[in-house]
Amino acid sequence: MHIRSWIWAALFAALTAVGGMIKIPVPYVPFTLQIAAVYLAACLLGPKIGALSQLLYVLVGLAGVPVFAEGGGLGYIWKPTFGYLLGFIAGAYTSGWLIERFRWTKGGQLFAANLAALVVVYLCGGLWLYGAMKWIVEKPLTIGQTIWFGVLLPIPGDLILCAACSLVAARVWPRVRPVMTTERLGG
Ligand SMILES: O=C(O)CCCC[C@@H]1SC[C@@H]2NC(=O)N[C@@H]21
């Protein structure tokens, strides 16, 4: 893989870290801006490099750098929000794959792809939240509470970010994406 791909992946990993620092504490699952970096990485880097950016982010956090919403370190895998972090990797891949497979470029199309990413993030995050609260924290949430705190509370903000990032990506796409993707880099 071309060095430029690694640099872009690292930059978007850093952007996700910034998104994790901008947070509003809410019980169980904080509001953060991490998902905006996931949307943009998928749209501008494609499935592989987009997912790589999120994998780098998670690995740096697990290595101990406090880039997650509530710190970092290997023990973070036991936190109720760790599933969202795994969801960022799978979500970036999903959205990037849809965009690449169907050659989507318009704002509405990117919105649809990012919506799919959001579903993946919430699936991973919600399932992990439920399991972690039950078996690790041992303060179980009901399914209704899990959906309320894990999905319904944060989703309005995430939908606004989805629309905003999709429009921005559609605008900058023609100029930026050829530079960012590996298609022309042979890697
Ligand atoms: O601990 C972490 O760093 C992960 C926090 C995950 C927060 C999730 S991301 C999707 C949803 N939208 C938000 O604003 N918060 C949750």
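Sorted by class, the shell of residues around the ligand holds 11 nonpolar, three polar and one charged. Keep in mind as you look that this is a predicted model. In total, 15 residues surround the ligand, and the closest are Pro-30, Ala-69, Tyr-76, Thr-81 and Asp-158.

Where do these neighbours sit along the chain? Two elements give two or more residues to the shell: strand β2, spanning 31–32, and helix α3, spanning 82–101. Helix α3 provides the largest share, with three residues.

How much of the ligand does the protein cover? On its own, the ligand has 420 Å² of accessible area, and the protein covers 99% of that.

Let's step back to the space itself. The ligand takes up the largest pocket, which has a volume of about 340 Å³. This pocket is lined by 21 residues, and Pro-30, Phe-31, Thr-32, Gln-34 and Asp-158 are the closest to its centre. Elements that give two or more residues to the lining are β2, α2 (34–62), α3, α4 (107–136) and α6 (155–180). By class, the lining is made of 16 nonpolar, four polar and one charged residues.

Definitions and conventions. Residues numbered from 1 in each chain as written. Predicted model: local features only at pLDDT ≥ 70, side-chain atom pairs only at ≥ 80, totals over all residues. Heavy atoms only, no water. Near = heavy atom within 4 Å. Areas by Shrake-Rupley, 256 points an atom, 1.4 Å probe, with all protein chains shown as cover. 1 Å grid on protein atoms, 1.4 Å probe; cavity = no way out; pocket = protein on both sides within 12 Å on 5 of 7 lines; lining within 4 Å. Sits in = over half its atoms within 2 Å of the grid points. Helix = DSSP H or I, 4+ residues; strand = E, 2+ residues; numbered from the N terminus. Nonpolar A, V, L, I, M, F, W, Y, C, P; charged D, E, K, R; others polar. Points joined across faces, edges and corners; volume = space filled by probe spheres on them.
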